[in-house]
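Reader: I am new to protein models and would like to learn how to read one. Could you walk me through it, one feature at a time?

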Amino acid sequence: MYTRVMMNKSALARNVQEAAPAQRSQRRFWRRVVVLFVGGILLASGAVFAWGYYGFYWPVGEGPAGPGVERAPFERVWSERSVLLLGLGDSVTAGLGSQPGKSYFELLANSPADDWADVRGLSLSRVLPNLRAINRSRSGTNSLHHWRQQIEPLETFDANVFGIVVMTSGGNDIIHDYCAERPREGAMYGATLEQAREWIANYERRLEAMIARIEASFPGGCVIFLANIYDFSDGRGVPWIPFVDVDPWDDALAIHAEYNAAIARLAAGHGNVHMVDMYSAFLGHGIGCRRWWTEHYRKDDPHFWYLHNFEDPNPRGYDALRRLFLNEMARVLPDAIHRAKDE
(Lines give C-alpha, C1' and ligand atoms only; values in the text may rest on other atoms or scores of the structure.)
Protein backbone atom coordinates (compact mmCIF):
# COMPACT_ATOMS: atom_id res chain seq x y z
CA MET A 1 0.00 0.00 0.00
CA TYR A 2 2.71 2.41 1.01
CA THR A 3 4.53 1.76 -2.22
CA ARG A 4 1.40 2.42 -4.34
CA VAL A 5 0.72 5.70 -2.50
CA MET A 6 4.24 6.95 -3.07
CA MET A 7 4.02 6.01 -6.74
CA ASN A 8 0.74 7.92 -7.09
CA LYS A 9 2.23 11.00 -5.43
CA SER A 10 5.22 10.83 -7.71
CA ALA A 11 2.95 10.58 -10.78
CA LEU A 12 0.86 13.48 -9.54
CA ALA A 13 3.97 15.59 -9.07
CA ARG A 14 5.12 14.78 -12.59
CA ASN A 15 1.69 15.74 -13.96
CA VAL A 16 1.74 19.05 -12.09
CA GLN A 17 5.22 19.84 -13.37
CA GLU A 18 4.21 18.97 -16.89
CA ALA A 19 1.00 21.08 -16.66
CA ALA A 20 2.68 24.18 -15.21
CA PRO A 21 4.28 25.40 -18.49
CA ALA A 22 0.98 24.94 -20.32
CA GLN A 23 -0.88 26.93 -17.66
CA ARG A 24 1.72 29.70 -17.73
CA SER A 25 1.49 29.81 -21.52
CA GLN A 26 -2.28 30.04 -21.31
CA ARG A 27 -2.09 32.87 -18.76
CA ARG A 28 0.34 34.76 -21.00
CA PHE A 29 -2.04 34.28 -23.92
CA TRP A 30 -5.01 35.75 -22.04
CA ARG A 31 -2.90 38.61 -20.72
CA ARG A 32 -2.01 39.48 -24.33
CA VAL A 33 -5.68 39.28 -25.28
CA VAL A 34 -6.64 41.67 -22.47
CA VAL A 35 -3.81 44.09 -23.34
CA LEU A 36 -4.75 44.07 -27.03
CA PHE A 37 -8.42 44.53 -26.19
CA VAL A 38 -7.81 47.49 -23.86
CA GLY A 39 -5.30 48.94 -26.31
CA GLY A 40 -7.82 48.61 -29.11
CA ILE A 41 -10.43 50.44 -27.08
CA LEU A 42 -7.99 53.25 -26.28
CA LEU A 43 -6.88 53.48 -29.90
CA ALA A 44 -10.48 53.58 -31.13
CA SER A 45 -11.37 56.23 -28.54
CA GLY A 46 -8.41 58.31 -29.65
CA ALA A 47 -9.43 57.96 -33.28
CA VAL A 48 -12.99 59.04 -32.49
CA PHE A 49 -11.68 62.01 -30.50
CA ALA A 50 -9.38 63.05 -33.36
CA TRP A 51 -12.22 62.52 -35.84
CA GLY A 52 -14.43 64.89 -33.89
CA TYR A 53 -11.74 67.40 -32.99
CA TYR A 54 -10.16 67.83 -36.38
CA GLY A 55 -13.43 67.58 -38.27
CA PHE A 56 -12.94 64.83 -40.81
CA TYR A 57 -16.67 64.19 -40.73
CA TRP A 58 -19.64 66.45 -40.15
CA PRO A 59 -23.06 64.80 -39.88
CA VAL A 60 -25.86 66.92 -41.35
CA GLY A 61 -28.75 65.25 -39.53
CA GLU A 62 -32.33 64.90 -40.67
CA GLY A 63 -35.61 66.72 -40.23
CA PRO A 64 -36.39 70.40 -39.62
CA ALA A 65 -33.68 72.72 -38.32
CA GLY A 66 -33.70 75.96 -36.40
CA PRO A 67 -36.33 77.65 -34.23
CA GLY A 68 -40.03 76.97 -34.30
CA VAL A 69 -42.41 79.42 -35.96
CA GLU A 70 -45.73 80.33 -34.34
CA ARG A 71 -48.74 79.75 -36.58
CA ALA A 72 -50.96 82.39 -35.00
CA PRO A 73 -49.49 85.42 -36.84
CA PHE A 74 -49.96 83.61 -40.17
CA GLU A 75 -53.63 82.87 -39.62
CA ARG A 76 -54.68 86.33 -40.79
CA VAL A 77 -53.90 88.54 -43.76
CA TRP A 78 -51.34 91.20 -42.94
CA SER A 79 -52.14 93.54 -45.82
CA GLU A 80 -53.89 93.69 -49.19
CA ARG A 81 -51.26 96.09 -50.50
CA SER A 82 -49.02 95.31 -53.44
CA VAL A 83 -45.81 93.99 -51.88
CA LEU A 84 -42.44 93.20 -53.44
CA LEU A 85 -40.07 90.72 -51.78
CA LEU A 86 -36.62 91.74 -53.02
CA GLY A 87 -33.50 89.61 -52.49
CA LEU A 88 -30.08 91.26 -52.53
CA GLY A 89 -26.56 90.17 -51.72
CA ASP A 90 -24.42 87.07 -52.04
CA SER A 91 -24.79 83.31 -52.49
CA VAL A 92 -26.64 82.84 -49.20
CA THR A 93 -29.60 84.82 -50.54
CA ALA A 94 -29.03 83.42 -54.05
CA GLY A 95 -29.52 79.95 -52.53
CA LEU A 96 -26.31 78.22 -53.62
CA GLY A 97 -26.51 74.57 -52.53
CA SER A 98 -30.22 74.61 -51.75
CA GLN A 99 -32.72 72.12 -53.14
CA PRO A 100 -34.99 73.33 -55.98
CA GLY A 101 -37.53 75.79 -54.60
CA LYS A 102 -36.02 75.64 -51.11
CA SER A 103 -33.57 78.47 -50.77
CA TYR A 104 -34.46 80.63 -47.80
CA PHE A 105 -35.69 83.32 -50.21
CA GLU A 106 -38.01 80.91 -52.03
CA LEU A 107 -39.26 79.41 -48.76
CA LEU A 108 -40.11 82.88 -47.48
CA ALA A 109 -42.25 83.52 -50.53
CA ASN A 110 -43.96 80.11 -50.72
CA SER A 111 -44.10 77.03 -48.53
CA PRO A 112 -43.87 73.92 -50.76
CA ALA A 113 -46.29 71.02 -50.48
CA ASP A 114 -43.58 68.78 -49.01
CA ASP A 115 -42.49 71.34 -46.42
CA TRP A 116 -41.94 70.27 -42.83
CA ALA A 117 -45.24 69.83 -41.01
CA ASP A 118 -44.56 72.47 -38.36
CA VAL A 119 -44.05 75.23 -40.95
CA ARG A 120 -46.13 73.96 -43.86
CA GLY A 121 -48.13 76.83 -45.27
CA LEU A 122 -46.26 79.50 -43.31
CA SER A 123 -45.03 81.95 -45.91
CA LEU A 124 -45.40 85.56 -46.97
CA SER A 125 -47.73 84.70 -49.85
CA ARG A 126 -50.20 83.36 -47.29
CA VAL A 127 -50.45 86.65 -45.39
CA LEU A 128 -49.71 89.02 -48.30
CA PRO A 129 -51.97 87.93 -51.17
CA ASN A 130 -50.56 90.57 -53.54
CA LEU A 131 -46.94 89.52 -53.13
CA ARG A 132 -44.41 89.15 -55.91
CA ALA A 133 -40.76 88.21 -55.53
CA ILE A 134 -37.55 89.25 -57.30
CA ASN A 135 -34.15 87.88 -56.32
CA ARG A 136 -31.19 89.88 -57.63
CA SER A 137 -28.52 88.40 -55.39
CA ARG A 138 -25.50 86.72 -56.99
CA SER A 139 -23.13 84.01 -55.78
CA GLY A 140 -19.50 84.96 -55.23
CA THR A 141 -20.18 88.66 -54.74
CA ASN A 142 -18.94 90.94 -51.98
CA SER A 143 -20.33 94.20 -50.58
CA LEU A 144 -18.60 96.29 -53.26
CA HIS A 145 -20.38 94.26 -55.94
CA HIS A 146 -23.67 94.60 -54.08
CA TRP A 147 -23.48 98.37 -54.11
CA ARG A 148 -22.30 98.77 -57.70
CA GLN A 149 -24.23 95.95 -59.41
CA GLN A 150 -27.42 95.44 -57.39
CA ILE A 151 -28.32 98.44 -55.26
CA GLU A 152 -27.00 101.60 -56.89
CA PRO A 153 -28.82 100.73 -60.16
CA LEU A 154 -32.15 100.01 -58.39
CA GLU A 155 -35.19 101.43 -60.12
CA THR A 156 -37.80 103.45 -58.27
CA PHE A 157 -40.88 101.33 -57.64
CA ASP A 158 -44.45 102.57 -57.75
CA ALA A 159 -45.64 104.42 -54.66
CA ASN A 160 -48.34 101.84 -54.03
CA VAL A 161 -45.71 99.05 -53.66
CA PHE A 162 -44.37 98.19 -50.23
CA GLY A 163 -40.90 96.66 -50.18
CA ILE A 164 -39.68 93.73 -48.09
CA VAL A 165 -35.95 93.50 -48.66
CA VAL A 166 -33.79 90.59 -47.50
CA MET A 167 -30.04 90.83 -47.78
CA THR A 168 -26.81 89.02 -46.86
CA SER A 169 -23.68 91.04 -47.47
CA GLY A 170 -20.14 91.01 -46.14
CA GLY A 171 -19.26 87.35 -45.69
CA ASN A 172 -17.22 87.18 -48.87
CA ASP A 173 -15.46 90.42 -47.94
CA ILE A 174 -13.90 88.52 -45.05
CA ILE A 175 -13.08 85.06 -46.38
CA HIS A 176 -12.06 85.63 -50.00
CA ASP A 177 -9.65 84.85 -51.62
CA TYR A 178 -8.16 82.38 -49.16
CA CYS A 179 -4.63 83.76 -49.56
CA ALA A 180 -4.69 83.38 -53.33
CA GLU A 181 -3.63 87.04 -53.44
CA ARG A 182 -2.53 89.69 -50.95
CA PRO A 183 -5.38 90.86 -48.67
CA ARG A 184 -7.38 93.73 -50.08
CA GLU A 185 -10.73 95.40 -49.57
CA GLY A 186 -13.48 92.96 -50.48
CA ALA A 187 -11.12 89.96 -50.19
CA MET A 188 -9.26 90.40 -46.93
CA TYR A 189 -8.38 86.83 -45.95
CA GLY A 190 -5.15 86.94 -43.97
CA ALA A 191 -5.25 90.65 -43.15
CA THR A 192 -4.36 92.01 -39.73
CA LEU A 193 -7.00 93.92 -37.81
CA GLU A 194 -5.03 97.14 -38.21
CA GLN A 195 -4.75 96.56 -41.93
CA ALA A 196 -8.50 95.92 -42.17
CA ARG A 197 -9.74 98.87 -40.09
CA GLU A 198 -10.11 101.19 -43.09
CA TRP A 199 -11.92 98.47 -45.06
CA ILE A 200 -14.27 97.83 -42.13
CA ALA A 201 -15.08 101.54 -41.89
CA ASN A 202 -15.71 101.63 -45.65
CA TYR A 203 -18.01 98.63 -45.30
CA GLU A 204 -20.10 100.41 -42.68
CA ARG A 205 -20.36 103.54 -44.83
CA ARG A 206 -21.25 101.36 -47.81
CA LEU A 207 -24.07 99.73 -45.84
CA GLU A 208 -25.43 103.17 -44.96
CA ALA A 209 -25.41 104.12 -48.65
CA MET A 210 -27.17 100.85 -49.53
CA ILE A 211 -29.93 101.48 -47.00
CA ALA A 212 -30.46 105.04 -48.25
CA ARG A 213 -30.66 103.88 -51.87
CA ILE A 214 -33.09 101.04 -51.05
CA GLU A 215 -35.33 103.42 -49.10
CA ALA A 216 -35.33 105.87 -52.01
CA SER A 217 -36.38 103.06 -54.35
CA PHE A 218 -39.55 102.41 -52.33
CA PRO A 219 -41.48 105.67 -51.91
CA GLY A 220 -44.36 103.51 -50.66
CA GLY A 221 -42.24 102.34 -47.72
CA CYS A 222 -40.04 99.34 -47.04
CA VAL A 223 -38.57 97.19 -44.32
CA ILE A 224 -35.07 95.76 -44.70
CA PHE A 225 -34.03 92.50 -43.07
CA LEU A 226 -30.24 92.29 -42.98
CA ALA A 227 -28.60 89.09 -41.73
CA ASN A 228 -25.32 89.29 -39.90
CA ILE A 229 -22.43 86.97 -40.80
CA TYR A 230 -22.11 83.45 -39.48
CA ASP A 231 -18.89 81.73 -38.42
CA PHE A 232 -18.44 78.21 -39.78
CA SER A 233 -15.41 77.72 -37.48
CA ASP A 234 -17.66 77.88 -34.40
CA GLY A 235 -15.46 80.40 -32.63
CA ARG A 236 -12.07 78.90 -33.51
CA GLY A 237 -11.19 81.32 -36.27
CA VAL A 238 -10.26 79.95 -39.66
CA PRO A 239 -9.39 76.35 -38.78
CA TRP A 240 -7.45 73.57 -40.37
CA ILE A 241 -9.78 71.96 -42.90
CA PRO A 242 -8.97 68.54 -44.36
CA PHE A 243 -7.76 68.66 -47.97
CA VAL A 244 -7.98 72.48 -48.13
CA ASP A 245 -4.71 74.41 -48.29
CA VAL A 246 -5.34 77.62 -46.35
CA ASP A 247 -2.97 79.56 -44.13
CA PRO A 248 -3.86 80.27 -40.48
CA TRP A 249 -5.31 83.69 -39.80
CA ASP A 250 -4.78 85.15 -36.35
CA ASP A 251 -7.15 88.11 -36.70
CA ALA A 252 -10.03 86.28 -38.40
CA LEU A 253 -12.38 86.41 -35.40
CA ALA A 254 -11.56 90.03 -34.59
CA ILE A 255 -12.33 91.20 -38.13
CA HIS A 256 -15.45 89.05 -38.26
CA ALA A 257 -16.65 90.61 -34.99
CA GLU A 258 -16.08 94.13 -36.34
CA TYR A 259 -18.18 93.38 -39.42
CA ASN A 260 -21.04 92.06 -37.29
CA ALA A 261 -20.77 95.05 -34.98
CA ALA A 262 -21.14 97.34 -38.01
CA ILE A 263 -24.31 95.48 -39.05
CA ALA A 264 -25.72 95.73 -35.51
CA ARG A 265 -25.04 99.48 -35.35
CA LEU A 266 -26.72 100.01 -38.71
CA ALA A 267 -29.84 98.14 -37.63
CA ALA A 268 -29.97 100.02 -34.32
CA GLY A 269 -29.77 103.34 -36.14
CA HIS A 270 -32.63 102.73 -38.58
CA GLY A 271 -36.20 102.00 -37.52
CA ASN A 272 -36.96 100.10 -40.71
CA VAL A 273 -33.80 97.94 -40.68
CA HIS A 274 -33.88 94.73 -38.67
CA MET A 275 -30.91 92.46 -38.07
CA VAL A 276 -31.52 88.74 -38.46
CA ASP A 277 -29.08 87.05 -36.09
CA MET A 278 -27.75 84.33 -38.35
CA TYR A 279 -24.44 84.32 -36.45
CA SER A 280 -25.89 83.17 -33.12
CA ALA A 281 -28.28 80.66 -34.66
CA PHE A 282 -25.57 78.91 -36.68
CA LEU A 283 -22.96 78.90 -33.91
CA GLY A 284 -22.30 75.29 -32.98
CA HIS A 285 -23.47 73.98 -36.35
CA GLY A 286 -20.16 74.46 -38.10
CA ILE A 287 -17.02 72.34 -38.02
CA GLY A 288 -17.29 72.05 -34.24
CA CYS A 289 -20.75 70.50 -34.30
CA ARG A 290 -19.47 67.18 -32.88
CA ARG A 291 -17.21 68.66 -30.19
CA TRP A 292 -19.36 67.97 -27.14
CA TRP A 293 -16.72 69.46 -24.82
CA THR A 294 -16.85 72.96 -26.36
CA GLU A 295 -18.97 75.91 -25.27
CA HIS A 296 -21.01 76.12 -28.49
CA TYR A 297 -22.00 72.45 -28.68
CA ARG A 298 -25.71 72.04 -29.53
CA LYS A 299 -26.91 68.94 -27.72
CA ASP A 300 -30.40 69.21 -29.22
CA ASP A 301 -29.06 69.26 -32.82
CA PRO A 302 -25.31 68.54 -33.05
CA HIS A 303 -25.23 68.71 -36.83
CA PHE A 304 -23.56 70.58 -39.66
CA TRP A 305 -25.68 73.29 -41.33
CA TYR A 306 -23.16 74.21 -44.03
CA LEU A 307 -22.46 73.12 -47.57
CA HIS A 308 -19.21 71.31 -48.42
CA ASN A 309 -17.67 74.66 -49.41
CA PHE A 310 -17.99 75.94 -45.80
CA GLU A 311 -19.44 79.22 -47.13
CA ASP A 312 -23.12 78.53 -47.72
CA PRO A 313 -25.91 76.74 -45.84
CA ASN A 314 -26.89 73.20 -46.71
CA PRO A 315 -30.63 72.34 -47.04
CA ARG A 316 -31.12 72.16 -43.27
CA GLY A 317 -29.25 75.43 -42.90
CA TYR A 318 -31.58 77.12 -45.38
CA ASP A 319 -34.56 75.78 -43.44
CA ALA A 320 -33.17 77.31 -40.25
CA LEU A 321 -32.46 80.61 -42.00
CA ARG A 322 -36.00 80.76 -43.40
CA ARG A 323 -37.34 80.33 -39.86
CA LEU A 324 -35.14 83.11 -38.51
CA PHE A 325 -36.39 85.53 -41.16
CA LEU A 326 -40.03 84.47 -40.75
CA ASN A 327 -39.97 85.04 -37.00
CA GLU A 328 -38.53 88.52 -37.37
CA MET A 329 -40.96 89.35 -40.17
CA ALA A 330 -43.96 88.17 -38.16
CA ARG A 331 -42.80 90.40 -35.32
CA VAL A 332 -42.46 93.64 -37.28
CA LEU A 333 -44.17 93.51 -40.68
CA PRO A 334 -47.91 93.70 -39.90
CA ASP A 335 -47.56 97.00 -38.04
CA ALA A 336 -44.86 98.33 -40.37
CA ILE A 337 -46.98 97.87 -43.50
CA HIS A 338 -49.97 99.59 -41.92
CA ARG A 339 -47.85 102.49 -40.67
CA ALA A 340 -46.39 103.00 -44.13
CA LYS A 341 -49.88 103.06 -45.65
CA ASP A 342 -51.07 105.67 -43.14
CA GLU A 343 -48.04 107.85 -43.83
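Author: Gladly! Keep in mind that this is a predicted model. Let us begin with a pair of helices: the axes of α7 and helix α8 (residues 252-269) come within 10 Å and cross at roughly 25 degrees.

Reader: How are α7 and α8 oriented to each other, parallel or perpendicular?

Author: Angles under 35 degrees count as roughly parallel. α7 and α8 therefore run roughly parallel to each other. Their crossing is right-handed.

Reader: Which residues make the contact between α7 and α8?

Author: On the α7 side they include Leu193, Ala196, Trp199, Ile200 and Tyr203. On the α8 side, Ala254, Ile255, Tyr259 and Ala262 are among them. Sorted by class, this contact has 13 nonpolar, no polar and 4 charged residues.

Reader: What about α5 and α7: at what angle do they pack?

Author: The angle is about 20 degrees, and the axes are 10 Å apart. By the under-35-degree cut-off, α5 and α7 are therefore roughly parallel as well. The crossing of α5 and α7 is left-handed, though.

Reader: Which residues meet there?

Author: From α5 come Ser143, Leu144, His146, Trp147 and Ile151, and they meet Tyr203, Arg206, Ala209, Met210, Arg213 and Ile214 in α7. By class, that makes 7 nonpolar, 2 polar and 2 charged residues.

Reader: Let us stay with α5. Which of its residues are buried?

Author: Buried means under 20% relative accessible area. In α5, which spans residues 143-151, the buried residues are Ser143, Leu144, His146, Gln150 and Ile151.

Reader: What does aspartate 301 contact?

Author: Setting aside its neighbours within four places in sequence, aspartate 301 is in contact with Ala65, His285 and Arg316. Its side chain also joins that of tryptophan 305 through a polar contact of 3.5 Å.

Reader: Now the backbone. Which residues have a positive phi although they are not glycine?

Author: Aspartate 234 is one of them, with a phi of about 55 degrees. This residue lies in the loop between β4 (222-227) and α8, and at 8% relative accessibility it counts as buried. Phenylalanine 310 is another, with a phi of about 65 degrees. You will find phenylalanine 310 in the loop between α9 and α10, and its relative accessible area of 11% makes it buried too.

Reader: Where is there a cis peptide bond?

Author: Find histidine 176 and aspartate 177: a cis peptide bond joins them, with omega about 0 degrees. Aspartate 177 belongs to the loop between α6 and α7.

Reader: Finally, how many helices and strands does the chain have?

Author: The protein chain comes to 10 helices and 5 strands. Of its 343 residues, 47% are buried. Among contacts between residues at least 6 apart in sequence, 76% join residues at least 24 apart.

Note on methods:
Residues are numbered from 1 along each chain as its sequence is written. This is a predicted model: local features need pLDDT of at least 70, side-chain atom pairs count only at pLDDT 80 or more; totals for chains, interfaces and linings use all residues. Side-chain values use heavy atoms; hydrogens and water are left out. Buried means under 20% relative accessible area, exposed over 50%, partly exposed in between (1.4 Å probe, protein chains only). Helices (H or I, at least four residues) and strands (E, at least two) are DSSP runs, numbered from the N terminus. Axes are lines fitted to C-alpha atoms, for helices over the stretch in contact, and angles run from 0 to 180 degrees between N-to-C directions. Angles under 35 degrees count as roughly parallel, over 145 as roughly antiparallel, 65 to 115 as roughly perpendicular and the rest as oblique. A crossing is left-handed if the near helix is turned anticlockwise from the far one by less than a right angle, and right-handed if clockwise. Contact means heavy atoms within 4.5 Å. Ala, Val, Leu, Ile, Met, Phe, Trp, Tyr, Cys and Pro count as nonpolar, Asp, Glu, Lys and Arg as charged, and the others, Gly among them, as polar. A polar contact is a pair of N or O atoms within 3.5 Å; within protein, one must be able to donate a hydrogen and the other to accept it, and residues adjacent in sequence count only if both atoms are side-chain atoms.
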